[in-house]
Each structure stands twice: as structure tokens, then as C-alpha cells.
Protein chains: 2
Amino acid sequence: MNELFGLTNLPYGVYSVDGSTPRVATRYGDHVVDLATLLGDDTFDAPTLNPFMAQGKARWDEVRTAIVAALSDGLPTEGVHPVADVVLHLPFEVADYVDFYASEHHASNLGRLFRPDNPDPLLPNWRHLPVSYTGRASSVVVSGTDIVRPCGQRKPVDADVPVFGPSVRLDIEAELGFVVGVGNAMGTPIAVEDAEQHLFGAILFNDWSARDIQAWEYVPLGPHLGKSFASTISPWVVPMAALEAARVDTPTQDPAVLPYLALERPWGLDIDLEVEWNGEVVSRPPYASMYWSPAQMLAHLTVNGAPTRTGDLFASGTISGPEPDQVGSFIERGQGFLEDDDVVVLRATAPGANDTRIGFGEARGRITKARS
Amino acid sequence: MNELFGLTNLPYGVYSVDGSTPRVATRYGDHVVDLATLLGDDTFDAPTLNPFMAQGKARWDEVRTAIVAALSDGLPTEGVHPVADVVLHLPFEVADYVDFYASEHHASNLGRLFRPDNPDPLLPNWRHLPVSYTGRASSVVVSGTDIVRPCGQRKPVDADVPVFGPSVRLDIEAELGFVVGVGNAMGTPIAVEDAEQHLFGAILFNDWSARDIQAWEYVPLGPHLGKSFASTISPWVVPMAALEAARVDTPTQDPAVLPYLALERPWGLDIDLEVEWNGEVVSRPPYASMYWSPAQMLAHLTVNGAPTRTGDLFASGTISGPEPDQVGSFIERGQGFLEDDDVVVLRATAPGANDTRIGFGEARGRITKARS
């Protein structure tokens with residue numbers, strides 16, 4: 001049995017088998033377990049997690065307890081399939097998607113690359129607020145979806161005008177994504193201490209990035225076409241409840257944050273990622289090193305009264321640790337970009353309850369050649 | 001009869017009366033006409049335009065012809081209400097929302113404000129691509145919705161650190177929005193000459209902007225919290241078919257655009273906007289002065305393979321003409337920002353077929369005081 005998917009994990013996903021209508025499942029070991037069958041509950045006879053996520057934290061806790069009870073004697077006889085036999089789908093319908101920039105090491109690495117003369121590689125706002133931008137929800141795809149190399153405008157360094165063609169600086173960004181189960185009404189911010197009432201779970205997130213397209217377009221309104229062609233997520237949403245044992249303090253925040261961002265309990269997450277490039281693990285980004293926590297991200301993005309909804313997705317930004325073999329993007333490694341047919345896989349594990357470890361599965365994508 | 005809503009306009013909206021379930025209607029003169037009743041077609045027995053928009057251009061044309069025929073003898077006896085008696089709802093479910101920056105005068109005015117020492121107020125990329133960013137879809141609201149003054153971080157000029165509180169530089173941006181009826185599959189860009197197969201209609205769009213929040217947050221990833229608290233749209237979607245008579249050439253684009261942005265037919269729109277501030281018309285932005293056209297915007301935002309969907313909304317960016325009384329934002333006027341209880345109304349008219357004029361109705365919002 002796959003120990004990373006034991007009773008202390010129980011992530012949620014959506015599967016089909018032999019072309020059946022997609023339905024909600026959990027993963028136990030190397031099997032998917034149909035939840036409508038297991039629990040006799042029609043909420044899970046749905047092609048997305050959205051109806052269940054909208055029911056709120058008390059219900060999430062109740063269902064988790066019920067699944068543990070139902071599986072405590074082992075796999076049931078009905079509604080069970082080897083994970084290798086099923087198709088895993090995008091697990092939820094994405095409402096709005098926001099990408100943060102929460103790693104001090106990543107932001108500093110990019111600052112040194114782009115502003116080499118600045119004594120502080122971080123911009124003045126960076127330590128005061130979790131910097132972020134809104135991205136395209138429609139191009140979030142599930143692990144295994146091929147990524148077509150994007151075309152677009154880029155300006156070669158020695159050229160006066162841009163050229164059009166396939167990106168030649170195609171990169172990854174290894175991130176975690178957080179899924180909002182229950183949103184907030186417009187005008188009513190989510191307090192940082194209420195984040196757990198809203199956050200349903202976490203996923204792996206690869207924010208594919210065309211650095212040449214991005215570099216030419218992004219001043220002054222931020223990245224757009226350099227990112228909007230695709231983002232890959234893992235098919236299993238790990239419940240926030242399963243990550244309780246992974247809670248750690250975030251790094252010291254200095255200067256002190258404004259009161260609306262002040263944490264009452266640890267909201268860092270001791271999650272170890274790995275980036276596999278064409279079969280070789282090239283980096284191990286440590287999520288515990290992230291400066292800004294998901295609770296702070298959610299409090300910040302609603303502090304102006306912006307409403308979130310069931311299915312809102314926000315990602316952490318590239319996760320980079322302090323060491324060269326802990327960076328979450330290739331631009332930081334300085335050793336080349338993605339070629340056609342390259343395959344990148346993100347994976348992660350974290351401490352679970354009772355001295356277990358839990359897994360996130362994988363977020364996998366293969367680069368295919370640009371369409372002419 | 002209101003001549004701006006004659007048979008050459010026939011915009012689409014969603015209404016309810018006395019708490020009824022919202023349904024699709026057109027507006028004829030000063031009445032709303034229930035379309036499921038008028039045409040005997042269940043597509044319109046829906047709380048949004050999305051099902052109809054998804055049916056495609058041949059169907060849009062057929063329905064428009066059928067409405068003209070059905071109304072040619074005047075108002076029907078059933079399913080008709082004075083517009084003053086109904087509630088108008090958000091007419092469509094917004095999928096992804098993108099905001100462009102397509103006015104040369106607006107971009108130049110802001111360039112002179114923010115980069116006074118630069119000889120060219122436009123940045124190097126501006127004439128090569130329609131600069132844009134993705135915004136929050138969940139906070140798009142219909143005309144008449146109160147706008148709560150947002151709170152957030154801003155850094156006073158003479159301060160070392162940011163303060164938190166209500167925005168003190170709350171602004172408008174007078175824009176047009178364009179609604180995608182039929183999207184494109186991931187990896188398959190929309191050619192500029194195919195834009196009319198995808199674009200369903202146009203609306204008024206007020207991109208409320210907290211300039212102080214925006215100024216502090218927006219480097220390097222673009223505007224976010226300064227914009228995401230609210231955007232107001234008009235309740236009537238004017239069909240692109242009704243805007244055929246408003247087609248004009250866009251201003252000369254120099255340098256020549258890359259081939260994927262080259263227009264084969266005029267895609268400028270001779271639409272006259274007005275901005276009313278507390279009962280006084282303070283500006284008349286001319287849409288015909290916009291450098292980038294909606295067909296170019298759509299071609300650009302999909303050229304990297306990003307998929308659009310039914311209900312995608314993209315807005316033009318602030319519309320500013322060359323004259324001081326034609327600017328679409330208050331920051332360009334230099335005469336103050338919005339106070340609590342201020343009311344801003346956008347309106348627009350355009351040439352319709354047969355020497356008529358057609359109206360967009362209004363996008364109205366009142367500022368209410370910040371929540372503490």
C-alpha cells in the first residue's frame with residue numbers, strides 16, 4: 001500500500017473509468033474510492049468538488065470522519081478502482097485565480113537578475129504586503145495535459161522591434177495552490193484568523209512561464225500572455241485538515257506586518273517539494289521557507305472587500321529555498337529553459353498525523369511543439 | 001418612445017419583476033420585452049445570457065431578425081413591462097475578465113504624470129501590442145450597485161512605511177467592455193478576422209480604481225487590490241450587429257503591427273461616451289480615438305493559445321480623447337477624487353442603422369463610506 005495516501009491524507013479528486021461520467025473520489029493507497037458509493041451521499045455524484053466545497057468546514061470535518069470510519073477496515077468491495085485504471089479530471093471548477101509572489105528567496109533571486117545595481121533585491125512593498133496578480137482561470141489544466149509551446153511577441157536584446165514566434169525561454173514555476181471552499185460576500189473581508197473556515201485544501205501548481213513574452217509585455221500592468229497559456233495542477237486536493245501536522249511558524253516577518261496580516265497561530269506549512277525534469281530531480285523547494293502564509297494571502301486579497309467564491313484558487317508564487325538546489329524556476333538555476341518533449345513533474349510530501357507522511361501526487365506536463 | 005432603443009438597437013439583458021425568477025429580455029423604447037414569451041423559445045427562460053451567447057453568430061443573427069419581425073407592429077400584449085418597473089440584473093455570468101490599456105491619449109497622459117522626464121510618454125511595448133492584465137471576475141456588478149470605498153495599504157509620499165485605511169484617491173475609469181459569446185479551444189488562437197464570430201456585444205464599463213492602493217502595490221506584477229473591489233457594467237448588452245453602422249477606421253497604427261494584429265476591415269467604433277459626476281457631465285470620451293480595436297484585443301489575448309469561454313469579458317481600458325474634456329479618469333483631470341455619496345454615471349450613444357442613434361443605457365454607481 002502507498003503509505004503517502006493512508007487514512008491521514010484522504011485527498012479529494014474527480015475520476016472517471018471507461019468513459020463514465022466523472023464523480024468525486026478519495027484516494028486510499030493506490031486506489032480511488034468513489035465517495036457517493038462509500039458514503040451513500042449524492043453530493044459526490046458530481047463532476048466537480050464545488051458542491052461539496054460550498055458546504056463549509058463543519059461538513060468537511062464530518063465527511064472526513066465518515067471516510068476514516070468507512071475505510072478503517074480496509075477497502076470496500078464496491079466503487080473501488082486501481083488508480084492506474086482511471087482518468088483523473090480537473091477536480092474543481094476554477095472561479096477566480098490569483099498568483100502570489102510569496103517566497104523571499106525567489107523574489108530576491110529575480111531582483112538580483114533584473115535589478116543588479118540595487119542594494120536591496122526586494123522592492124519596497126515586498127515585505128509589507130503579499131504581492132500578487134490575477135491570472136487566467138480558463139487555462140488551468142490537470143496533470144498530464146500536454147503543454148503546447150506558446151507563440152507571442154518577444155523583443156531580442158539587440159533588436160529595435162519585437163518579433164513573433166514560439167517562446168524560446170519557456171520555464172516552470174513550482175508552487176502550491178490553495179482552494180477556497182466557502183467565499184466571502186462583497187465588502188466583507190476575511191480576517192486572517194478566519195482563513196480556516198474558508199480554505200478547503202491545497203494542490204501542486206506549475207505556473208508555466210514564457211520568460212521572453214513576459215519580459216516584453218509586463219511593464220506596467222504585469223504578466224499576462226507570458227503566463228495565461230497554461231497552468232498545471234495536481235488532481236488530488238489535499239484537505240487543510242490533513243495538513244494540520246505540517247503547520248510550522250513562518251519565517252520572522254520584519255518589519256512587523258499591519259494588524260490585518262498578523263497571525264495568531266502558525267500558518268507556515270512544512271511541505272517538501274521536488275521538481276523532476278526529464279526523469280532527474282533537479283530541485284527540492286521547501287515550502288516552509290515561504291515568507292507569506294496562505295492565511296495572509298487570503299486576508300490580503302479580500303481586505304478591499306473583493307468577494308471570493310467556491311473554487312477560487314490562489315497560488316503561492318514560485319517556491320525557492322535559500323540554496324541553489326532549492327529553487328522553483330529554471331531562470332533562477334541559470335542552466336537553460338524547456339525544450340520540446342521535455343517533461344516536468346512536481347511532487348510533494350508533508351508530515352501527516354500520527355507520524356505519517358502524506359503525498360500530493362504529481363503535477364506533470366510535457367512540452368509539445370508550437371503550432372505554426 | 002425612447003429613440004435610442006428602437007429596432008436598430010435591441011440590446012439583451014436580464015430582468016425580474018416583483019421578485020420573479022430572472023429571465024432574458026430585450027429593451028424596446030422604454031419597455032423590457034420578455035424574449036421567451038415573445039419568441040416562444042426556452043433559451044431565454046434563463047437567469048443569464050450565457051446559454052444564448054453560446055449558440056453562436058448564426059443563431060444571434062436569426063434571433064435578431066425574429067425580434068425585429070415580432071416587434072415591427074409595436075409592443076406585444078404579453079411579457080412587457082415598463083423598464084422603470086423591473087429590476088435589471090447582471091446580464092451574464094462573467095468567466096475570465098481582462099482589462100486593456102488601448103487609448104493612446106490615456107496611456108500618454110499617465111506616462112506624463114508618472115514618468116515626467118521621459119521624452120516619449122508611451123513605454124516601448126505600447127504601440128506593438130495591446131497591453132493588458134487579468135482582473136477579478138467576481139466583483140463585476142451591475143449598474144446601480146453601491147460601491148463601498150475600499151480599504152487597503154497605501155504609502156503617503158512623506159512616510160517610510162505604509163498605512164492602512166480607506167482609499168483617499170478613489171477614481172473612475174470610463175471604458176467599454178466586450179463580451180465573448182463563443183470562445184476558442186485551448187491552443188487555437190482567434191484570428192483577428194474571425195473576431196466577429198466570437199464577439200457577442202458591448203457594454204459600458206466603469207473600472208473603479210483606488211489610485212493610492214494601486215500606486216503602492218503595482219510594481220512589479222501590476223494592479224490588483226486597487227481595482228479588484230468592484231467594476232460596474234451597464235445592464236444591456238448591445239449586440240455587435242447593432243454596432244455595424246458605428247464601424248470606423250482605427251487611428252493609423254505606426255509602426256505597422258505584426259501580421260496577427262493586422263485588420264482587414266474597420267474595427268474602430270464611433271461611440272460617444274459621457275461621464276456624469278454628481279449630475280454634471282464632466283467629460284465626453286470618444287471611443288473612435290482608441291488606438292487598439294476589440295478585434296485586435298481578442299486576437300492578442302488568445303495568440304498564445306489561451307482559451308476564452310462564453311461570458312469572457314474584456315474591457316478597453318480608460319477611454320480618453322485628445323482634449324482635456326474628453327478624459328475618462330479623474331486622475332487625468334487633476335481636479336480631485338471621489339467623495340462619499342458621489343454618484344458617477346457613464347452613458348454612451350452610437351450611430352445605428354438607417355440614420356438612427358442607439359443607446360447603451362447607463363453604468364451608475366454611488367460611493368458609500370468605507371466599512372471600519
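Mentor: Between chain B and chain A there are 29 residue pairs in polar contact, counting pairs in which both residues are at pLDDT 80 or more; that threshold is needed here because this is a predicted model, in which side-chain atom pairs count only at pLDDT 80 or more. On the side of chain B that touches chain A, the elements that give two or more residues are β7 (132–135), β10 (151–154), α6 (211–217) and α7 (294–302) of chain B. The largest share among them comes from β7(B), with four residues. By type, the residues on this side of chain B divide into 31 nonpolar, 16 polar and six charged.

As a count of residues, 53 residues of chain B are in contact with 53 residues of chain A. As an area, about 5100 Å² is buried between chain B and chain A, and 61% of it lies on carbon and sulfur atoms. Within chain B, the residues that lose the most area to chain A are Arg136(B), Leu221(B) and Asn304(B), which together make up 15% of what that side buries.

Staying with chain A, we come to an open sheet of five strands in the order β9-β24-β23-β20-β21, with mixed pairing. At its edges stand β9 (147–148) and β21 (280–283) of chain A, each with a single partner strand, so one side of each is left without a neighbour in the sheet. Strands β23 (residues 343–351) and β24 (residues 357–368) of chain A run antiparallel and are joined by eight bridges; within that pairing, Leu346(A) stands opposite Ala363(A) in β24(A).

Chain B has an open sheet of five strands as well, in the order β4-β3-β2-β1-β5 and with antiparallel pairing. Its edge strands are β4 (80–82) and β5 (87–89) of chain B, each of which pairs on one side only. Neighbouring strands of this sheet are turned against each other by 45 degrees on average, direction ignored. Strand β1 (residues 12–16) and strand β2 (residues 23–28) of chain B pair in the antiparallel sense over four bridges, and Tyr15(B) has Arg23(B) in β2(B) as its bridge partner. Helix α3 (residues 57–71) of chain B packs on this sheet, where it touches β1, β2 and β3 (31–34) of chain B, and the direction of the helix makes about 65 degrees with that of β1(B).

Most residues other than glycine have a negative phi, and most peptide bonds are trans. Val219(B) and Pro220(B) are joined by a cis peptide bond with omega of about 5 degrees, and Pro220(B) has its place in the loop between α6 and β16 (231–233) of chain B. A cis peptide bond also joins Asp254(B) and Pro255(B), with omega of about 10 degrees; Pro255(B) is found in the loop between β18 (247–248) and β19 (268–269) of chain B. As for phi, Asp341(B), a residue other than glycine, has a positive value near 75 degrees and is found in the loop between α8 (330–333) and β23 (343–351) of chain B. Asp355(B) likewise has a positive phi, of about 60 degrees, although it is not a glycine, and Asp355(B) is found in the loop between β23 and β24 (357–368) of chain B.

Notes. Residues are numbered from 1 along each chain as its sequence is written. Chains are lettered from A and ligands numbered from 1 in the order in which they are written. This is a predicted model: local features need pLDDT of at least 70, side-chain atom pairs count only at pLDDT 80 or more; totals for chains, interfaces and linings use all residues. Side-chain values use heavy atoms; hydrogens and water are left out. Contact means heavy atoms within 4.5 Å. Buried area is the accessible area (1.4 Å probe) that two parts lose on being put together, summed over both. A polar contact is a pair of N or O atoms within 3.5 Å; within protein, one must be able to donate a hydrogen and the other to accept it, and residues adjacent in sequence count only if both atoms are side-chain atoms. Ala, Val, Leu, Ile, Met, Phe, Trp, Tyr, Cys and Pro count as nonpolar, Asp, Glu, Lys and Arg as charged, and the others, Gly among them, as polar. Two strands pair if DSSP finds at least two bridges between them. Axes are lines fitted to C-alpha atoms, for helices over the stretch in contact, and angles run from 0 to 180 degrees between N-to-C directions.
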